[in-house]
Amino acid sequence: MHKSKKVFTLGIVGLLPLLLAACAPTTKQGVTLKPPTDPFFGTFYKVIGLPLQHLMEWIAGFVGTTSSYGIAIIVITLLVRLIVLPLMLRQQRTMTAYQEKQKILQPQLKIVQEATKKAKTPEQQLAANNYMRKIYSANGTSMIPSMGCLPMLIQLPIFSGLYQAIAYSPEISRATFFGIQLGHSNFIVTILATLPYIVVSLIMLQGVPPEQRKAMQTTAFLNPIMTFIFCMMYNAGLGLYFGAGGIILIVQQAIVTYIVTPNIRKRLDEEMEENPPVIVVNEHTFDDWGKVTATAGATGSSHQPADPDAIDHNKLRKRNAGKQQRPRK
(Lines give C-alpha, C1' and ligand atoms only; values in the text may rest on other atoms or scores of the structure.)
Protein backbone atom coordinates (compact mmCIF):
# COMPACT_ATOMS: atom_id res chain seq x y z
CA MET A 1 0.00 0.00 0.00
CA HIS A 2 2.91 2.29 0.66
CA LYS A 3 4.70 1.03 -2.46
CA SER A 4 3.00 3.45 -4.85
CA LYS A 5 3.96 6.39 -2.69
CA LYS A 6 7.57 5.26 -2.50
CA VAL A 7 7.73 4.69 -6.26
CA PHE A 8 6.26 8.14 -6.94
CA THR A 9 8.67 9.83 -4.54
CA LEU A 10 11.69 8.02 -5.91
CA GLY A 11 10.57 8.84 -9.44
CA ILE A 12 10.39 12.54 -8.67
CA VAL A 13 13.75 12.45 -6.93
CA GLY A 14 15.27 10.55 -9.81
CA LEU A 15 14.05 13.11 -12.35
CA LEU A 16 15.50 16.08 -10.48
CA PRO A 17 19.10 15.59 -11.67
CA LEU A 18 17.87 15.36 -15.27
CA LEU A 19 15.76 18.48 -14.87
CA LEU A 20 18.54 20.48 -13.27
CA ALA A 21 21.13 19.26 -15.74
CA ALA A 22 18.91 20.27 -18.64
CA CYS A 23 18.30 23.66 -17.06
CA ALA A 24 21.95 24.45 -16.43
CA PRO A 25 24.65 24.21 -19.11
CA THR A 26 27.63 25.20 -16.94
CA THR A 27 31.29 25.82 -17.57
CA LYS A 28 33.98 23.65 -16.03
CA GLN A 29 34.23 26.08 -13.15
CA GLY A 30 30.51 25.68 -12.41
CA VAL A 31 29.48 29.19 -13.59
CA THR A 32 26.79 29.42 -16.26
CA LEU A 33 27.56 31.60 -19.26
CA LYS A 34 24.01 32.23 -20.46
CA PRO A 35 20.48 31.43 -19.25
CA PRO A 36 18.53 28.89 -21.33
CA THR A 37 16.79 30.22 -24.43
CA ASP A 38 14.73 27.17 -25.46
CA PRO A 39 10.93 27.49 -25.09
CA PHE A 40 10.47 25.23 -22.06
CA PHE A 41 13.45 25.89 -19.79
CA GLY A 42 13.78 29.47 -20.96
CA THR A 43 10.18 30.14 -19.96
CA PHE A 44 10.70 28.34 -16.65
CA TYR A 45 13.70 30.56 -15.92
CA LYS A 46 11.76 33.73 -16.73
CA VAL A 47 8.73 32.70 -14.65
CA ILE A 48 10.45 31.08 -11.64
CA GLY A 49 14.24 31.46 -11.72
CA LEU A 50 14.52 35.15 -12.60
CA PRO A 51 11.96 36.36 -10.00
CA LEU A 52 13.79 34.33 -7.35
CA GLN A 53 17.05 35.89 -8.49
CA HIS A 54 15.57 39.38 -8.11
CA LEU A 55 14.17 38.44 -4.71
CA MET A 56 17.58 37.21 -3.58
CA GLU A 57 19.18 40.44 -4.82
CA TRP A 58 16.59 42.51 -2.93
CA ILE A 59 17.08 40.58 0.32
CA ALA A 60 20.87 40.73 -0.10
CA GLY A 61 20.70 44.48 -0.62
CA PHE A 62 18.55 44.84 2.47
CA VAL A 63 20.93 42.72 4.59
CA GLY A 64 24.04 44.42 3.22
CA THR A 65 26.70 42.01 4.49
CA THR A 66 29.44 40.01 2.75
CA SER A 67 27.33 36.86 3.21
CA SER A 68 24.09 38.52 2.18
CA TYR A 69 23.28 36.17 -0.71
CA GLY A 70 23.67 33.13 1.52
CA ILE A 71 21.37 34.74 4.07
CA ALA A 72 18.90 35.50 1.27
CA ILE A 73 18.83 31.80 0.31
CA ILE A 74 18.18 30.83 3.93
CA VAL A 75 15.40 33.42 4.28
CA ILE A 76 13.67 32.20 1.10
CA THR A 77 14.01 28.60 2.23
CA LEU A 78 12.48 29.32 5.63
CA LEU A 79 9.59 31.21 4.04
CA VAL A 80 8.83 28.34 1.65
CA ARG A 81 9.08 25.73 4.40
CA LEU A 82 6.85 27.73 6.74
CA ILE A 83 4.25 28.08 3.98
CA VAL A 84 4.11 24.34 3.33
CA LEU A 85 4.52 23.35 7.00
CA PRO A 86 0.76 23.24 7.77
CA LEU A 87 0.18 21.14 4.65
CA MET A 88 2.99 18.75 5.53
CA LEU A 89 1.79 18.42 9.13
CA ARG A 90 -1.73 17.69 7.91
CA GLN A 91 -0.40 15.10 5.47
CA GLN A 92 1.72 13.43 8.14
CA ARG A 93 -1.17 13.50 10.61
CA THR A 94 -3.35 11.71 8.06
CA MET A 95 -0.64 9.16 7.30
CA THR A 96 0.04 8.58 11.01
CA ALA A 97 -3.66 7.96 11.70
CA TYR A 98 -3.73 5.50 8.79
CA GLN A 99 -0.66 3.66 10.07
CA GLU A 100 -2.06 3.44 13.59
CA LYS A 101 -5.34 2.06 12.23
CA GLN A 102 -3.30 -0.47 10.27
CA LYS A 103 -1.77 -1.69 13.53
CA ILE A 104 -5.23 -2.22 14.98
CA LEU A 105 -6.30 -4.29 11.97
CA GLN A 106 -2.98 -6.08 11.53
CA PRO A 107 -4.04 -9.36 13.22
CA GLN A 108 -6.93 -9.75 10.77
CA LEU A 109 -4.90 -8.54 7.79
CA LYS A 110 -2.21 -11.10 8.55
CA ILE A 111 -4.78 -13.90 8.54
CA VAL A 112 -6.08 -12.86 5.12
CA GLN A 113 -2.55 -12.42 3.74
CA GLU A 114 -1.71 -15.97 4.77
CA ALA A 115 -4.94 -17.22 3.21
CA THR A 116 -4.11 -15.39 -0.02
CA LYS A 117 -0.76 -17.18 -0.21
CA LYS A 118 -2.49 -20.55 0.27
CA ALA A 119 -5.28 -19.89 -2.25
CA LYS A 120 -5.29 -22.56 -4.96
CA THR A 121 -8.13 -21.39 -7.19
CA PRO A 122 -9.24 -18.02 -8.64
CA GLU A 123 -12.40 -18.31 -6.53
CA GLN A 124 -10.38 -18.66 -3.36
CA GLN A 125 -8.14 -15.74 -4.38
CA LEU A 126 -11.22 -13.58 -5.01
CA ALA A 127 -12.74 -14.61 -1.68
CA ALA A 128 -9.58 -13.64 0.20
CA ASN A 129 -9.45 -10.29 -1.61
CA ASN A 130 -13.09 -9.65 -0.69
CA TYR A 131 -12.33 -10.30 2.97
CA MET A 132 -9.38 -7.92 2.83
CA ARG A 133 -11.59 -5.23 1.32
CA LYS A 134 -14.30 -5.84 3.92
CA ILE A 135 -11.88 -5.57 6.84
CA TYR A 136 -11.07 -2.03 5.76
CA SER A 137 -14.59 -0.93 4.84
CA ALA A 138 -16.20 -2.39 7.97
CA ASN A 139 -13.71 -0.50 10.12
CA GLY A 140 -14.09 2.82 8.34
CA THR A 141 -10.73 3.02 6.61
CA SER A 142 -9.24 2.48 3.16
CA MET A 143 -6.77 0.04 1.66
CA ILE A 144 -4.93 2.94 0.02
CA PRO A 145 -3.79 5.85 2.23
CA SER A 146 -4.45 9.44 1.23
CA MET A 147 -1.20 10.72 -0.27
CA GLY A 148 -1.05 14.47 -0.54
CA CYS A 149 1.56 15.59 -3.06
CA LEU A 150 0.91 19.34 -2.85
CA PRO A 151 3.85 20.13 -0.49
CA MET A 152 6.25 18.36 -2.84
CA LEU A 153 4.77 20.01 -5.92
CA ILE A 154 5.14 23.44 -4.32
CA GLN A 155 8.79 22.87 -3.46
CA LEU A 156 9.97 21.39 -6.76
CA PRO A 157 9.73 24.64 -8.78
CA ILE A 158 11.38 26.57 -5.92
CA PHE A 159 14.16 24.01 -5.78
CA SER A 160 14.84 24.22 -9.53
CA GLY A 161 14.30 28.00 -9.60
CA LEU A 162 16.87 28.58 -6.86
CA TYR A 163 19.36 26.48 -8.77
CA GLN A 164 18.81 28.59 -11.86
CA ALA A 165 18.93 31.86 -9.93
CA ILE A 166 22.33 30.95 -8.50
CA ALA A 167 23.79 29.32 -11.59
CA TYR A 168 22.75 31.99 -14.13
CA SER A 169 23.72 35.02 -12.06
CA PRO A 170 27.49 35.71 -12.12
CA GLU A 171 27.13 37.95 -9.07
CA ILE A 172 25.35 35.31 -6.98
CA SER A 173 27.51 32.46 -8.26
CA ARG A 174 30.68 34.27 -7.22
CA ALA A 175 29.26 35.45 -3.90
CA THR A 176 30.49 33.75 -0.74
CA PHE A 177 28.87 32.64 2.49
CA PHE A 178 31.45 32.57 5.27
CA GLY A 179 34.16 32.08 2.65
CA ILE A 180 32.29 29.39 0.68
CA GLN A 181 31.50 30.26 -2.93
CA LEU A 182 27.80 29.69 -3.63
CA GLY A 183 28.28 28.69 -7.27
CA HIS A 184 30.48 25.67 -6.45
CA SER A 185 29.73 22.45 -4.64
CA ASN A 186 31.34 22.31 -1.21
CA PHE A 187 31.97 19.27 0.97
CA ILE A 188 31.53 21.13 4.26
CA VAL A 189 28.15 22.52 3.17
CA THR A 190 27.18 19.04 1.98
CA ILE A 191 27.92 17.52 5.39
CA LEU A 192 26.15 20.32 7.27
CA ALA A 193 23.11 20.03 4.96
CA THR A 194 22.93 16.25 5.37
CA LEU A 195 23.13 16.20 9.19
CA PRO A 196 19.59 17.61 9.78
CA TYR A 197 18.09 14.85 7.63
CA ILE A 198 19.94 12.21 9.63
CA VAL A 199 18.45 13.73 12.80
CA VAL A 200 14.99 13.68 11.16
CA SER A 201 15.40 9.99 10.33
CA LEU A 202 16.48 9.15 13.87
CA ILE A 203 13.50 11.00 15.35
CA MET A 204 11.14 9.30 12.91
CA LEU A 205 12.43 5.86 13.91
CA GLN A 206 11.71 6.67 17.56
CA GLY A 207 8.00 6.67 16.74
CA VAL A 208 8.15 3.23 15.09
CA PRO A 209 7.51 0.02 17.09
CA PRO A 210 10.77 -1.90 17.77
CA GLU A 211 9.66 -4.86 15.65
CA GLN A 212 9.26 -2.58 12.60
CA ARG A 213 12.22 -0.28 13.25
CA LYS A 214 14.85 -2.50 11.67
CA ALA A 215 12.81 -2.97 8.50
CA MET A 216 12.34 0.80 8.12
CA GLN A 217 15.96 1.84 8.65
CA THR A 218 16.91 1.58 4.98
CA THR A 219 13.94 3.70 3.87
CA ALA A 220 14.43 6.20 6.69
CA PHE A 221 18.01 6.96 5.70
CA LEU A 222 17.29 7.23 1.98
CA ASN A 223 16.53 10.95 2.32
CA PRO A 224 19.93 11.83 3.91
CA ILE A 225 21.71 9.81 1.24
CA MET A 226 19.88 11.60 -1.59
CA THR A 227 20.53 14.97 0.08
CA PHE A 228 24.25 14.20 0.24
CA ILE A 229 24.31 13.22 -3.46
CA PHE A 230 22.42 16.34 -4.59
CA CYS A 231 24.61 18.67 -2.56
CA MET A 232 27.76 17.09 -3.99
CA MET A 233 26.40 17.29 -7.55
CA TYR A 234 25.16 20.88 -7.44
CA ASN A 235 26.20 24.24 -6.02
CA ALA A 236 26.61 25.22 -2.38
CA GLY A 237 23.62 27.54 -2.68
CA LEU A 238 21.36 24.51 -2.97
CA GLY A 239 23.22 23.01 -0.02
CA LEU A 240 22.11 26.00 2.05
CA TYR A 241 18.56 25.43 0.82
CA PHE A 242 18.64 21.79 1.95
CA GLY A 243 20.33 22.60 5.24
CA ALA A 244 17.90 25.35 6.24
CA GLY A 245 14.95 23.21 5.13
CA GLY A 246 16.29 20.31 7.17
CA ILE A 247 16.15 22.39 10.34
CA ILE A 248 12.43 23.02 9.75
CA LEU A 249 11.96 19.30 9.08
CA ILE A 250 13.50 18.48 12.46
CA VAL A 251 10.87 20.63 14.15
CA GLN A 252 8.14 19.11 12.00
CA GLN A 253 9.19 15.51 12.66
CA ALA A 254 9.53 16.18 16.39
CA ILE A 255 5.96 17.52 16.44
CA VAL A 256 4.70 14.43 14.61
CA THR A 257 6.67 11.90 16.68
CA TYR A 258 6.24 13.36 20.16
CA ILE A 259 2.90 15.20 19.94
CA VAL A 260 0.77 14.14 16.96
CA THR A 261 1.39 10.38 17.11
CA PRO A 262 0.75 9.98 20.90
CA ASN A 263 -2.45 12.03 20.58
CA ILE A 264 -3.66 9.87 17.71
CA ARG A 265 -2.86 6.71 19.64
CA LYS A 266 -4.74 8.01 22.68
CA ARG A 267 -7.75 8.94 20.55
CA LEU A 268 -7.82 5.53 18.85
CA ASP A 269 -7.54 3.77 22.21
CA GLU A 270 -10.57 5.70 23.45
CA GLU A 271 -12.47 4.90 20.26
CA MET A 272 -11.63 1.21 20.63
CA GLU A 273 -13.07 1.14 24.14
CA GLU A 274 -16.37 2.55 22.91
CA ASN A 275 -16.41 0.88 19.49
CA PRO A 276 -14.10 -2.14 19.24
CA PRO A 277 -12.84 -2.99 15.76
CA VAL A 278 -15.12 -5.14 13.65
CA ILE A 279 -13.85 -8.71 13.53
CA VAL A 280 -14.34 -9.83 9.94
CA VAL A 281 -12.01 -12.84 10.08
CA ASN A 282 -10.38 -14.92 12.79
CA GLU A 283 -7.86 -17.75 12.89
CA HIS A 284 -10.55 -20.30 11.91
CA THR A 285 -12.18 -18.49 8.98
CA PHE A 286 -9.96 -20.11 6.36
CA ASP A 287 -9.48 -23.50 8.01
CA ASP A 288 -11.61 -25.13 5.35
CA TRP A 289 -12.39 -23.39 2.07
CA GLY A 290 -15.61 -25.43 1.87
CA LYS A 291 -17.00 -24.32 5.23
CA VAL A 292 -17.41 -21.21 7.30
CA THR A 293 -17.15 -21.52 11.06
CA ALA A 294 -19.91 -20.46 13.40
CA THR A 295 -17.76 -17.51 14.44
CA ALA A 296 -17.99 -16.07 10.95
CA GLY A 297 -21.76 -16.08 11.23
CA ALA A 298 -22.67 -16.82 7.61
CA THR A 299 -23.24 -19.72 5.20
CA GLY A 300 -20.64 -20.31 2.53
CA SER A 301 -20.41 -22.15 -0.75
CA SER A 302 -18.65 -25.44 -1.21
CA HIS A 303 -15.61 -23.74 -2.75
CA GLN A 304 -14.88 -20.60 -0.72
CA PRO A 305 -15.68 -18.80 2.54
CA ALA A 306 -18.93 -16.89 2.77
CA ASP A 307 -19.35 -13.49 1.22
CA PRO A 308 -18.07 -11.05 3.89
CA ASP A 309 -20.83 -8.61 2.94
CA ALA A 310 -23.36 -11.11 4.31
CA ILE A 311 -21.90 -11.01 7.84
CA ASP A 312 -23.70 -8.93 10.47
CA HIS A 313 -20.78 -6.88 11.73
CA ASN A 314 -22.81 -4.98 14.31
CA LYS A 315 -23.44 -8.26 16.13
CA LEU A 316 -19.81 -9.25 15.74
CA ARG A 317 -18.68 -5.89 17.09
CA LYS A 318 -20.62 -6.48 20.32
CA ARG A 319 -19.63 -10.11 20.52
CA ASN A 320 -15.93 -9.42 20.08
CA ALA A 321 -15.72 -6.27 22.18
CA GLY A 322 -12.43 -6.28 24.02
CA LYS A 323 -11.16 -9.49 22.37
CA GLN A 324 -8.86 -7.78 19.88
CA GLN A 325 -6.15 -5.67 21.46
CA ARG A 326 -4.13 -3.18 19.53
CA PRO A 327 -0.38 -3.94 19.44
CA ARG A 328 1.50 -1.71 21.81
CA LYS A 329 4.64 0.17 20.98
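**Salt bridges**

I searched the whole structure for salt bridges, taken as a side-chain nitrogen of Lys or Arg within 4 Å of a carboxyl oxygen of Asp or Glu, and the search returned four. I note that this is a predicted model, in which local features need pLDDT of at least 70 and side-chain atom pairs count only at pLDDT 80 or more, while totals for chains, interfaces and linings use all residues. Residues are numbered from 1 along each chain as its sequence is written, and side-chain values use heavy atoms, with hydrogens and water left out.

I looked at E100 and found its side chain in a salt bridge with K103 at 3.0 Å, N to O; the two are three residues apart in helix α3 (residues 68-118), about one helical turn. Helices here are DSSP runs of H or I with at least four residues, strands are runs of E with at least two, and both are numbered from the N terminus.

For accessibility I used buried for under 20% relative accessible area, exposed for over 50% and partly exposed in between (1.4 Å probe, protein chains only). E100 is buried at 2%, K103 is buried at 12%, and R265 is buried at 14%.

I also recorded the bridge between E271 and R267, whose closest N and O atoms are 3.1 Å apart. These two are four residues apart in helix α10, about one helical turn, and E271 is partly exposed at 38%, as is R267 at 37%. Salt bridges with shared partners join E100, K103 and R265 into one network.

**Helix α10 and V199**

I placed I250 in helix α10 (residues 236-274), where I250 is partly exposed at 23% relative accessible area. The C-alpha atoms of I250 and V199 are 6.9 Å apart, although 51 residues separate the two along the chain.

**Helix α7**

Buried residues in α7 include V189, T190, A193 and Y197.
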